[in-house]
Amino acid sequence: MVNMKIKTQEISLDINNNFNLIKYDGPLMILISITCLLGIFILYSASNESLDVLNRQIFRIFIAFTAMMLVSQIPTEVLRKLSPWGYIGGIILLSMVLWLGEFGQGAQRWLNLGIRFQPSEIMKLSVPMMIAWYLHEKRLPPTGKELIVIMVLVIIPGLLIARQPDLGTSLLVIAAGLMVVFLSGIPFRYIFSLIILCIPSSLLLWKFMKDYQRQRVLTLINPDTDPLGAGYNIIQSKIAMGSGGIFGKGWTNGSQVQLEFLPEKNTDFIFAVVGEEFGLLGVLTILTLYILIIGRGLYIASNASDLYGRLLAGSISLTFFVYVFVNTAMVIGLMPIVGIPLPLISYGGTSMVTLMIGFGMLMSINSNRKLVAKK
Amino acid sequence: MSLSSHIKDHQKEKEVFFSRIVISSLIGIGLIGIVILRLIQLQVIEYDFFSDRAHGNRINIRATLPSRGIIYDRNGKILAENKTSFQLVVIPEQIDEIEETLNKLANLNLISPKDINSINNEINRSQKFKPVTIRSSLDDKEMATFAANMPNFPGVNLQPRLIRHYPQNEYTSHVVGYIGAISKNDLNRLNRTAYDPNEKIGKTGTELFNEKRLHGSPGFYQYIANARGREIPINSNSIFLDDKPSTPGSNIYLTIDLQLQKLATELLDGRKGAVVAVDPNNGEILTLVSSPAYNPNLFANNLTENEYRKLQSNKDQPLFNRAVLGTYSPGSTIKPIIGLAALQIGATNLNLRHICKGFYSLPGNTHRYRDWLHTGHGSINLHTAISQSCDVYFYEISNKVGIDVMHEYLTSFGLGEKTNIELTGERIGLIPSTEWKRTMFSKAEDKRWFPGETVIASIGQGYMLATPLQLAVSTAALAMRGKRFQTNLVLAHEDPLDQIKEHQEIVELDAIKIDNQKHWEEVISAMQNVMQGNGTARNVGKDAPYRMAGKSGTVQVISIGQEEEYDEDNIEEKFRDHALFISFAPTESPKIAVSVIIENGQSGSQVAAPIAKAIMDKYLGY
């Protein structure tokens, strides 16, 4: 009898293992799928019902899902061991951009090595991976010396990306690195002193900003000074948002969107499309989906089996929050325009793939926990 | 560093991490809270404001242009109308190879190859969805050519457009005028809101004078447009779009009789001159011809710079309206008026005779004022002096009448005054007086009026100037024995919608004061003798079945020296005498008064008088 029991247990364990051959996280998968599906509908309207745009976006989502599924199969240990190599590779690619990169819209961001991509996207993940790898064997909270090393690790890619120039991505990469530091439990006095340090450095930053970047900050403060120039984007997106009201004007019925008053409506300003056509209710629905995704990410982080997984999952989730916040705040005129797309919804390939790879890592970390728990 | 410091406290790390997650979540919730509050501000609190702005963004306004009033003659013959003309337009976004398309059109002779460059520039300058006109006013043959080849030209279309058409061509150009593109000057005097920059506006003639009435007022309609201004058709009734139809301009009936107008033009036959005919009973202008004329359709069809320069530099000045703007010495045509003035103030009487020896000298002066008849008219009275156009008789009475009395009577006949015809730029002419000379000249010696000046003024020479229109109007007053009417060129105007005609009011002016009715009859009888008795133009009217009166005038263009002979064959044409004639008929109950001027026509009685008679014949039905 006892034997039999053990046998059945072994069998069920086997089945379980077989089942876990494809590792994924159900809730995350469902939330991401719903968001992407809504995104397709929104993009269809935003692009003036362009099937061409739609087909390309669906193809990208397919690629990104595949990438997510592939990454989620990689054990967390492997990810950890790859971290420094990913970081070094990323730095090399970023340096190559400055030498060989293709120009587009006044910036040099793209690298063409058979496929065209932005190496800065890689850094969004490899920087937090690197910091997490660096800290995972250390005793927390990190010492001052370790913090200096971390700062150097964060600043180098940050500067390389800022040189392209791509201020938005640079800030996101730095933020992703600092998230890890924050989660590692550095004392708050360090954080406060960092904030205080920010004031003179922001003045320094202002000095190094390009004219258009300064203009964006100035426009934020008072968009009406230049209604047809720099302020146009913010004014039109606020009009789109505000005129949507509570229930919106209906799908494909937003005049700001359909008559092309809203600029960059497929990409950076797609949140205003949601606001105009689906109103406050639509906007809150999308925000709710994002909050659930972030919440699931933080849950995975909290339950990760090791420090590396914890720090990486935490950073990925919080960085995702930064994306959402910066984009939505920008569209409603709370922040300067920093060219950050609305995650999972904006038209565009590279950021979609990066995001999904991040989610793949979250899933990998989650599977790792289950595996450890079973052992 | 002790070994223990390297031993990780997993539990504590986990706790610290968890607390950081909690802190992050709280910050995140706070930030999302701010976003949500902002969304509520935009979408709920300020909804009305942004809703209005979104509405304002997409609503555009476009003017709908009124159709211009039609101009008719007094009998309803069309003088100016609106005609559909077709133009070729291209819509750049619908054409793949613009260059090639233009070349193909040039090969079909639909556009000129030398225009291709400017068309290309125009296309590059305009928005891709807006039609660009590449050729205006296609004729029937060109339309057929294009229609046959239309399938080869996607994105090229025929577009109808209303253009102004003047079916009478040269016959009515100086009366009707023409329209043209709005100039900067026009913009300054116009009510800008009433015009679209692409509209045309009256430039001369009735088209100019009655611009306000002919133009009507534009309407507008609202339409939905996208951020680049492209019109978007709407498919829902939820949007209220306002519009106001345009009000078409009024039709205008002129007092002109097209038949008379054509006859006068043909009789002048391109010679420099003018013919004006007036109905003396109401002041209506029956004919107003200035010759040579021009074809106003040239202007309506956008004449080229070159064509315009050619018209402007023509030495015969076809653009100049001689009838209203040309001023001429009236010459002997004023003798009947001077005679009436002299009779009225007693400077002569019907029987008083003067002896004409062929010249006249002022007392105590040897200067000879010569009669046109060198042999002299002998002993004659006023009646003969008028019919024979004796100059010496008028010289004799001139200083008894005096320049200021002459001025008074000539002015009372409407000379030296605006007739207030409904045309722009009318000239006043000049009837001199001592007062006039005092104010006109600056030097003391020039301010004085000399008796010799009165002598030549008595036969309409010297300073005196009058327009052909003024001569016709004063002749009408003569014909009516002093009864005068305000000159009218507009008979009526008509609302094109309800077709209600409103007739121009006939305004009677102050009558001319000649106390003795016999004086009128005597002077008119002398004028009848000019044409039908033994007068200067007796051959012209002798066989006519009705009674007519007239007076010739032959006016020197250059002064002839004291002992020189005027020899027409030896004088260059432009220095030859102007030929003038005034007349009216029938004498007992006048229906028409005519003035004719032919520049350098030599003889009023032989050249101008037959034209006047032919017009009266036609009008009176003979």
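## Terms and model

Helices (H or I, at least four residues) and strands (E, at least two) are DSSP runs, numbered from the N terminus. By that rule, A:L344 sits in the loop between helix 13 (307–331) and helix 14 (350–374) of chain A.

This is a predicted model, where local features need pLDDT of at least 70, side-chain atom pairs count only at pLDDT 80 or more, and totals for chains, interfaces and linings use all residues. Residues are numbered from 1 along each chain as its sequence is written, while chains are lettered from A and ligands numbered from 1 in the order in which they are written.

## Chain A overall

Chain A holds 14 helices and three strands. Of its 375 residues, 48% are buried. Buried means 20 or more other C-beta atoms within 10 Å of a residue's own; exposed means 12 or fewer, and partly exposed lies in between, with C-beta atoms placed from the backbone.

Two residues are in contact if their C-beta atoms, placed from the backbone, lie within 7 Å. Take the contacts in chain A between residues at least 6 apart in sequence: 72% of them join residues at least 24 apart.

## Helices 4 and 6 of chain A

Helix 4 (residues 76–100) and helix 6 (residues 144–162) of chain A have axes that come within 10 Å and cross at roughly 25°. Axes are lines fitted to C-alpha atoms, for helices over the stretch in contact, and angles run from 0 to 180 degrees between N-to-C directions. Helix 4 and helix 6 of chain A are therefore roughly parallel. Angles under 35 degrees count as roughly parallel, over 145 as roughly antiparallel, 65 to 115 as roughly perpendicular and the rest as oblique.

From helix 4 of chain A come A:G90, A:I91, A:L94, A:S95 and A:L98; they meet A:I156, A:P157, A:L160 and A:I161 of helix 6 of chain A. The residues of this contact are seven nonpolar, two polar and no charged. Ala, Val, Leu, Ile, Met, Phe, Trp, Tyr, Cys and Pro count as nonpolar, Asp, Glu, Lys and Arg as charged, and the others, Gly among them, as polar.

## Where the chains meet

The contact draws 37 residues from chain A and 34 residues from chain B. On the side of chain A that touches chain B, the elements giving two or more residues are helix 7 (167–183), helix 10 (232–244), helix 11 (255–258), helix 12 (270–302) and helix 13 of chain A. Helix 12 of chain A gives the largest share, nine residues. That side of chain A divides into 21 nonpolar, 12 polar and four charged residues.

## Helix 22 of chain B

Buried residues of helix 22 (residues 517–532) of chain B include B:H519, B:E522, B:V523 and B:I524. The buried residues of helix 22 of chain B pack against helix 14 (335–345), helix 15 (382–387), helix 23 (538–541), strand 21 (549–555) and strand 22 (578–585) of chain B.

## Backbone details

Two peptide bonds in chain B are cis. One joins B:S291 and B:P292, with omega about -5°. B:P292 is in the loop between strand 12 (284–291) and helix 11 (297–300) of chain B. The other runs from B:A585 to B:P586, with omega near -20°. B:P586 lies in the loop between strand 22 and strand 23 (592–598) of chain B.

A:L344 is not glycine, yet its phi is positive, near 70°. A:L344 counts as buried because 28 C-beta neighbours lie inside 10 Å. B:N420 also has a positive phi, near 60°. B:N420 is partly exposed, with 14 other C-beta atoms within 10 Å.

Terms used. Expected span 1.5 Å × (residues − 1).
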